[in-house]
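Here are my notes for your review. Please read them with the coordinates open.

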Amino acid sequence: MTEKIETNETTVAGNFIRAIIEDDLKTGKHSQIITRFPPEPNGYLHVGHAKAICHNFGVAEDYAGLCNLRFDDTNPEKENDEYVQAIKENISWLGFKWNGEPKYASDYFEKLYEFAEWFISHDLAYVDDLTPEQMREYRGTLTKAGTNSPYRERSIEENLDLFRRMKAGEFADGAKVLRLKIDMASPNMNLRDPAIYRIKRAHHIRTGDKWVIYPMYDYTHCISDALEGITHSCCSLEFEDHRPLYDWVVDKLFTAGLLPARPRQIEFSRLELGYTVTSKRKLNQLVTEGIVSGWDDPRMPTIAGMRRRGYTPDGIRLFAKRCGISKSPNHVDVPFLETAIREDLENNVPRVMAVLKPIKVTLTNYIDGETGSREAGFHPNHPEFGSRLCELTKEIYIDSDDFQEIPEKGFQRLTLGGEVRLRHSYVIKCDEIIKDADGKIIELRCSIDSNTLGKNPEGRKVKGVIHWVSCTKSVKATVRLYERLFTEQAPDSVEGRDFKEFINPHSLETITAYIEPAILNAKPEDRFQFERVGYFVADRYDYHGPDGELVFNKTVGLKDTWKK
RNA sequence: UGGGGUGUCGCCAAGUGGUAAGGCAUCGGAUUUUGAUUCCGACAUUCGUAGGUUCGAUCCCUACCACCCCAGCCA
């Protein structure tokens, strides 16, 4: 009997991998599951990795299992410790705990080497002298079988001797490789005698200069999984073709009694987010070419970037949960992510008023010491968030978007001769517009209806409510507004064009805003809703600008059903 | 013209021989000192196409179509 998974959002939607796991648990194939997240430390993690993290760690949590963090550090030329540190931080920040100490594929280099000699000894691997170009020719094509390398029939003794000398550093980089002896005529290219060791004199982040030969992914990954007792090794779809190789290596070693377990590789489709790129190579390019300020630029789809943008771990996890796991191609639009973020922020963040594009308003009948102000809660549904005084003064700022001299149809904000409610304060009426020589509005003169503080005006309804800030009591802050980094839905798949041609020139705008004094004690990463505008976060690093002013990043705007 | 995958509402995504969950979006309507939130309600006679098996098919069979991945000494 399969336990029916509830379909509402309080639990995770069923997916085919969970079905497999539940079955394995039920049949007793496994008493505890162990998954793993195996990043290569050659760049920062992005939103696609976040989905994989949520899946691998999430499944382990849900079924009382474990999830290992294992760095796939088999290509020293590209890997570096900065990435290792960033990856660990990202995973922790998302709220996941890996099993024991972080693991490294390089922890198994010794073992991997022994196994390689075992493969040679059993006539299942050989040293090949072919150049990369020659190898490509011998490999054949998708429709044509490959041909055996002339070195394929070397004796076991010679292969062993050669391989040991490869390890000893007797040959130049790239001079030889060790290949598995499988089938050069296989319709699956991965089985055409894959190379599993190459000579490469590169300094490794963990093993230093100890090795001059390094094992390759296909050989390393499956053995590492098996050594760690991984039960379910989930990866993306492009590795589906590698599964026969994964199983081939594991089976040989397992059958020989050299491996404790036989993990199962299961593939699912990777996440495609619109209007961005998620290839590490391309993200790296954006960083090194200075198109963004770094891997953690708030416009980047990296976990570090999303964090700096103000996205929350719970929001990202909700997003991943909503995306689900399947094998069908899934192109998700950014608003889907943003909705999840907003939803998390909605109930967890205090609200204040901020004016981003100020127009000065003079309240002509304001009387100092007589005109009142209200105490207002930081969240309408959470009194425990506390409150502050929204102190009105004779001169205030409102957002220029909230005034139209000649209102368009349906406009509910301030107009000449019209009334509007100042949030947490009085209803005011605009009596006069002051313009400069160019006809630009520089000031509005409005009058307060003194009988509307905390109560509705008599005899009429005032529908519009706008936010405001005192000219004298508010504080200046730098606010960074972001838009999508690319103007194209799929910037990296437009034929004949480079993805960088679609960089959005307006993806960052920095402005000065006026905010209630209540945010003065904001700390890095403190989040707020600027009422009627959106969610903002105090920048994690430079939360004080050059003049000591606070610096906020726009996380995401409020949903706006008033479209123009 | 090789191999491996995928095709269920605009976007994700369950389901699996018994007559299409859910989320997001959208559209109504209610409440609202945020055009936000919240709340109600609507939203696939149809599951890539065409045949077949069956009392009955999205689920089984056959053929076809579309798209993705694979020819690194990358992962």
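Predicted model: local features only at pLDDT ≥ 70, side-chain atom pairs only at ≥ 80, totals over all residues.

The points below cover a sheet, a helix pair and the surroundings of an RNA strand.

1. Three strands make up an open sheet. Their order is E1-E2-E3, and they pair in parallel. Strand E1 (34-37) and strand E3 (103-104) sit at the edges, each pairing on one side only. Strand E2 covers residues 66-71. Two bridges join E2 to E3 in the parallel sense. For one bridge, look at arginine 70: its partner in E3 is lysine 103.

2. A helix on the sheet. Helix H3 (residues 81-93) packs on this sheet. H3 touches E1, E2 and E3. The direction of H3 makes about 160° with that of E2.

3. The H4 and H8 pair. Helix H4 spans residues 109-121, and helix H8 spans residues 243-255. Their axes are 11 Å apart, and the packing angle is about 85°. Angles of 65 to 115 degrees count as roughly perpendicular, so H4 and H8 are roughly perpendicular to each other.

4. H4 contributes Phe115, Trp118 and Phe119. They meet Trp248, Val249, Lys252 and Leu253 of H8. By class, the contact has six nonpolar residues, no polar ones and one charged.

5. The RNA surroundings. How many residues surround RNA strand B? There are 69, and the closest are Ser326, Glu346, Arg351, Arg413 and Arg423. Of the atoms of RNA strand B that come within 4 Å of the protein, sugar and phosphate account for 65%. The surface near RNA strand B has 22 nonpolar, 23 polar and 24 charged residues.

6. Individual polar distances. Aspartate 241 has a polar side-chain atom 2.7 Å from a base nitrogen of RNA strand B. For arginine 413, a polar side-chain atom lies 2.6 Å from a base nitrogen of RNA strand B. Histidine 331 involves its backbone: a polar atom there is 3.1 Å from a phosphate oxygen of RNA strand B.

7. Elements near the RNA. Several elements give two or more residues to the surface near RNA strand B. The helices are H5 (132-139), H11 (313-323) and H12 (334-346). The strands are E6 (195-199), E11 (330-332) and E20 (419-422). Which element gives the largest share? H5 does, with four residues.

Conventions. Residues numbered from 1 in each chain as written. Chains lettered and ligands numbered in written order. Heavy atoms only, no water. Pairing = 2+ DSSP bridges. Contact = heavy atoms within 4.5 Å. Axes fitted to C-alpha atoms, helices over the stretch in contact; angles between N-to-C directions. Parallel < 35°, antiparallel > 145°, perpendicular 65-115°, else oblique. Nonpolar A, V, L, I, M, F, W, Y, C, P; charged D, E, K, R; others polar. Near = heavy atom within 4 Å. Polar contact = N/O pair within 3.5 Å; in protein donor to acceptor, adjacent residues only side chain to side chain.
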